[in-house]
2 protein chains.
Amino acid sequence: MIMLTKEFIASEYQKIQQEICEAIEKVDAKGRFESDHWTREEGGGGLTRVMANGNILEKAGVNFSAVHGPMNEAMKTNLKVKDAHNFFATGVSIVMHPNNPHVPIIHMNIRYFEMDNGTYWFGGGIDLTPHYIVPKDAEYFHAELKQVCDKFDPDYYPRFKKWADDYFFIPHRDETRGVGGIFYDHLSEDENHTKQDIYDFSIALGKLFPKIYAKLMAENSRKTFTPEEKEWQFIRRGRYVEFNLVYDRGTRFGLYSNGRTESILMSLPQEAKWFYNRRPEPGSREAETMNLLKKGINWVAK
Amino acid sequence: MIMLTKEFIASEYQKIQQEICEAIEKVDAKGRFESDHWTREEGGGGLTRVMANGNILEKAGVNFSAVHGPMNEAMKTNLKVKDAHNFFATGVSIVMHPNNPHVPIIHMNIRYFEMDNGTYWFGGGIDLTPHYIVPKDAEYFHAELKQVCDKFDPDYYPRFKKWADDYFFIPHRDETRGVGGIFYDHLSEDENHTKQDIYDFSIALGKLFPKIYAKLMAENSRKTFTPEEKEWQFIRRGRYVEFNLVYDRGTRFGLYSNGRTESILMSLPQEAKWFYNRRPEPGSREAETMNLLKKGINWVAK
């Protein structure tokens, strides 16, 4: 039996990064993920992989990191621990921005955290941000997530789907970021799940990611688009920037804790736009999308 | 003698808004500031004026607001007051984004706040964000600010200049937003200044703004620019977005306190770009600008 050490988890997560990059390069058929190794002064480092100007993807980042070091007082207070002095964190974090406005933006993150007092947890999520919401794609996306969740716990999908609705939300716009997905945090063993189960769940999500996105890339990138649709994409990307910089906990924690800025902000699109008070025309496809940027839509039951 | 009531201050600030819009329209010679009146459910409202697609200015916003209402517990805790129940706040807030990368971005804010326990204060600032730093423009800008400051207090300029260096700073980039300017907050009467003095200082800044920016617009908009310089402008605007969404207190307070989103985010540029780990070539004009995005540069003494 393989021990689920932090080193083992980190090395398996790094393999997930590699698998995802290979699978996405294959579908893109032009872009290549460049590699940037970096180290962190206080301990550990990472491998940032970025594709620019692909066939289907304009800008895509797949970041792996495994960092460790002493916990400062702010961190201890924040985590409400007194008996831990060192932490270890590893994860894979992905954001992909396509050229074609009919291909959705996608995000995935799987992560593992432990402290030297023996406490650990897993966190993660996947969410989809179509510039134009296509209900059948959202249904497919959620059905795939549900299928993987259901293998581990029938409560996972409804619980984590709601968590994503609440997390990927932009209060100042009263809009969800996209069609949601799943989000989970602070998962550790309990009466129903071993550490192995939760780890396996994160790996299953990592394996699911390229399958889902390859399909959405391939199918939607064939569609033609107008300059007006491209403009709408830039506006929707503006909302993505707003979410990431104003609310996203990972982004803000990274920026405030002296993380590697270029790896954190690789989630931002290459190009985004803001127009004062621009509203889509009633009845337009843009207005239809706005109407679906709401919490609580049950995509799977449809 | 005119009493400095909140109503008087608000009405004079609104005149400043009007004067600035008229002066800037004249220099732009094409763009017009559209008007959007809005009201706030809890009390008060504002007038947002926005120019889009001007000759010199691509996107410019001049916002006036005068809002009031009950203070909630979070506000009281934040301000460390127990004996106040209602607040009043008025101000003018400006951000202008030009078409030509050789014209700098500018920001100004003057504001007044009071509570029903009799406490009040003034705050504000002006700062300049050139895409390409031109030392003689930065010197002119700071000399004009110093001249106005010196009329009120010889300590104002050095104190408020340092405050701006510290405030308009992007820690995760280790860069200042631009060449700084002045920033002040919580100014109220003391042994050396009456309320009238501080109010007069804010009005003097409001009058100075169009003089300074008219000159910088007129002189620099004649310069030609290349597509590469335009691209650099989009990247520098990306930093402006990062500052405003991650750090700017006014923006974050507004977004978190259910302010009028479109008026708050009119500060964002029409178009911004992010490229992974893009660094200017050593010795280039872009690299020269990066070298000047530092705290503590004494522009006036030069």
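Predicted model: local features only at pLDDT ≥ 70, side-chain atom pairs only at ≥ 80, totals over all residues.
Let's start with His186(B), which lies in strand S9 (residues 180-187) of chain B. When I say helix or strand, I mean DSSP runs, numbered from the N terminus: H or I of at least four residues for helices, E of at least two for strands. His186(B) is not a glycine, yet it has a positive phi of about 55°. With 10 other C-beta atoms within 10 Å, His186(B) is exposed.

Residues are numbered from 1 along each chain as its sequence is written, and chains are lettered from A and ligands numbered from 1 in the order in which they are written.

Ala29(B) is another non-glycine residue with a positive phi, near 65°. You'll find Ala29(B) in the loop between helix H1 (6-28) and S1 of chain B, and Ala29(B) is exposed, with 10 other C-beta atoms within 10 Å.

Is Trp38(B) buried, exposed or partly exposed? With 14 other C-beta atoms within 10 Å, Trp38(B) is partly exposed. Beyond its neighbours within four places in sequence, Trp38(B) is in contact with Gly45(B), Gly46(B), Thr48(B), Arg260(B) and Ser263(B); contact means that the C-beta atoms, placed from the backbone, lie within 7 Å.

Now over to chain A and its sheet. Seven strands form an open sheet in the order S1-S2-S3-S4-S5-S6-S9, with antiparallel pairing. Two strands pair if DSSP finds at least two bridges between them. At the edges are S1 (34-39) and S9 (180-187) of chain A, each pairing on one side only. From one strand to the next, the twist averages 5°. Inside this sheet, S4 (residues 86-98) and S5 (residues 105-115) of chain A share 10 bridges in the antiparallel sense, and Val95(A) stands opposite His107(A) in S5(A). Helix H3 (residues 135-152) of chain A lies across S6 (120-129) and S9 of chain A, at about 30° to S9(A).

So how do the chains meet? 24 residues of chain B are in contact with 25 residues of chain A. H6(B) gives the largest share of chain B's side, four residues. That side has 14 nonpolar, five polar and five charged residues. For these classes, Ala, Val, Leu, Ile, Met, Phe, Trp, Tyr, Cys and Pro count as nonpolar, Asp, Glu, Lys and Arg as charged, and the others, Gly among them, as polar.

The axes of helix H6 (residues 227-247) of chain A and H6 (residues 227-247) of chain B come within 8 Å and cross at roughly 50°. Axes are lines fitted to C-alpha atoms, for helices over the stretch in contact, and angles run from 0 to 180 degrees between N-to-C directions. On H6(A) the contact is made by Val241(A), Glu242(A), Leu245(A) and Val246(A), and on H6(B) by Val241(B), Glu242(B), Leu245(B) and Val246(B).

Finally, S10 (residues 271-273) of chain A runs antiparallel to S10(B), joined by three bridges. There, Lys273(A) stands opposite Glu271(B).

Notes. Contact = placed C-beta atoms within 7 Å. Buried ≥ 20, exposed ≤ 12 C-beta atoms within 10 Å, placed from the backbone.
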